[in-house]
Amino acid sequence: MNLPRIENIDVKGKRVFLRVDFNVPIENGVVTDTTRISKTLPTIELLINRWARLVIASHLGRPEGKVNPKYSMKPVYEKFKEIIKKEVVFSENVVGPEAVALSKQLNDGEVMLLENLRFHAEEEENSPDFAKKLSELADIYINDAFGAAHRAHASTEGITNYLPSYAGTLMYKEIEVLTSLITKPERPFVAIIGGAKVSSKLKILKNLFTKVNVMLIGGGMAYTFLKSRAVPVGASLVEKEFEVQAFQIIEKAGVAGIEFQLPVDHVIADAFSANAKSKTVDKMGILDGWMGMDIGPKTISNFEKVIKSAGTIFWNGPMGVFEMDKFSNGTVQIAKAIAKSSARSVVGGGDSIAAIAKAGVEDKITHISTGGGASLEFLEGKILPGVAALMKEK
Ligand code: AMP
């Protein structure tokens, strides 16, 4: 993909609008995970070292177009200053004369961070007027927010109509890794897909049929597949309206020669609760009133065997209700198995990344994608609007 890169551009003394994905978890006003910030540091440091005047902008959560202190970027600002060990100017205003004035007061190598872009409904509406106003804060636009690239918003798409636009180093790396994953994977290529709902992953499943050799399915979505095969699933999460499509996917996998594995045993519970009664049963053993909460030991062992001999692995979505310790074993064991395998591995999605962290194996994964939704949409074969915008003729 011919993305315009920042390595060869002259940014000295120029105001650079850097769109990042600092949509980090915050508890009691404190940032609890800094992964997304640290992943953007190579771009930020490169621009500071080359004496750019940086205007950094991000969204945070879903304030739905209204100013809401709960979603203020202030805690991110505090953490960011600590991480880059540098003074940073905070702009309460995202657009308008005061924000523009602050951007013009920046000296070479200085940094300013804007308040939450999504305090303005025009951001998500991709309003041309708002995009133009954002562009007034800078001379150059750089997008390093891969995690937001699947959205056509004013700060990811519209703004590129008004400024020379480039991909940051993180954006470039994400696209490069995901492109090579689908264009030249080492075989066998194994996709491990989990998470709550089959409906949100139907497209990726269908798209991956043309690319992978093996599919391992876990998590809540497995129960719609099992139900479609008349396996008793008790009170497990099932999307009734997608049973037919689930059945067709299994059939199509067979026709395409793809090994499609569903869980063969489960950790089940009598309620959706961390304190529920639980036990391990085989796939025919989920009784009425009980629900599948995690993959069982036989499934883990089956999946481990496949993972061990894989050439390429893509993983998205937990194997069980990972947030509850009692039901996190399957997900953590899969993280460990991926770490042990010599395959090239790419992991995307918040829960899978958290499992990798919980298993303490971050450094054993080839690439941890900062964009769960964006990486899925990319692998679905979609051109992400934030990426297309960087490549279009102006
Ligand atoms: P997703 O965002 O689609 O990747 O789904 C992640 C969510 O799936 C997590 O919050 C998990 O708790 C949930 N999940 C995983 N396995 C199950 C299951 N067996 N039953 C219900 N929810 C599940």
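## Close-up views of a predicted model

**Figure 1. Asn329 in helix 11.** Asn329 lies in helix 11 (residues 329–340); helices (H or I, at least four residues) and strands (E, at least two) are DSSP runs, numbered from the N terminus. The model is predicted, and local features need pLDDT of at least 70, side-chain atom pairs count only at pLDDT 80 or more, and totals for chains, interfaces and linings use all residues. Residues are numbered from 1 along each chain as its sequence is written, and side-chain values use heavy atoms, with hydrogens and water left out. Asn329 counts as partly exposed because its relative accessibility is 39%; buried means under 20% relative accessible area, exposed over 50%, and partly exposed in between (1.4 Å probe, protein chains only). Apart from its neighbours within four places in sequence, Asn329 is in contact with Asp294 and Ile300, contact meaning heavy atoms within 4.5 Å. Between Asn329 and Phe225 the C-alpha to C-alpha distance is 22 Å, and the two residues are 104 apart in sequence.

**Figure 2. The whole protein, for orientation.** The protein has 14 helices and 17 strands. Along the principal axes, its C-alpha atoms fill a box of roughly 70 × 45 × 35 Å. Of the 394 residues, 57% are buried. Among contacts between residues at least 6 apart in sequence, 73% join residues at least 24 apart. The accessible surface comes to about 16600 Å², and 51% of this surface belongs to carbon and sulfur atoms. Accessible areas come from the Shrake-Rupley method with a 1.4 Å probe; for residues, only the protein chains shown count as cover.

Figure 3. The structure holds 18 salt bridges, each defined as a side-chain nitrogen of Lys or Arg within 4 Å of a carboxyl oxygen of Asp or Glu. One of them joins the side chains of Glu92 and Lys74, at 3.2 Å from N to O. This pair links distant parts of the chain, 18 residues apart: Lys74 is in helix 2 (residues 74–84), and Glu92 is in the loop between strand 5 (88–91) and helix 3 (97–105). Lys74 counts as partly exposed because its relative accessibility is 35%. Glu78 and Lys81 also meet in a salt bridge, at 3.7 Å from N to O. About one helical turn separates Glu78 from Lys81, because they are 3 residues apart in helix 2. With a relative accessible area of 44%, Glu78 is partly exposed.

**Figure 4. Further salt bridges.** Glu377 forms a salt bridge with Lys382, with 3.5 Å between the closest N and O atoms. Glu377 counts as buried at 17% relative accessibility, whereas Lys382, at 34%, counts as partly exposed. Elsewhere, a network of salt bridges links Lys12, Arg53 and Asp108.

Figure 5. Helix 6 (residues 169–183) has 15 residues and reaches 21 Å from its first C-alpha to its last, close to the expected 21 Å; the expected span is 1.5 Å times one less than the number of residues. Its buried residues include Leu170, Met171, Tyr172 and Glu174. Pro188 lies in the loop between helix 6 and strand 9, and the peptide bond from Arg187 to Pro188 is cis, with omega near -10 degrees. Strand 9 (residues 189–193) runs parallel to strand 10 and is joined to it by 4 bridges; two strands pair if DSSP finds at least two bridges between them. Ile193 has Ile217 as its bridge partner in strand 10. Strand 10 (residues 214–217) is covered on both faces: Val214 and Leu216 are buried on one side, and Met215 and Ile217 are buried on the other.

**Figure 6. Two loop residues with positive phi.** Most residues other than glycine have a negative phi, and most peptide bonds are trans. Glu64, although not a glycine, has a positive phi of about 55 degrees. Glu64 is found in the loop between strand 4 (53–57) and helix 2, and is exposed, with a relative accessible area of 63%. Asn126, also not a glycine, has a positive phi of about 55 degrees. Asn126 is placed in the loop between helix 4 (121–124) and helix 5 (128–135), and counts as buried at 19% relative accessibility.
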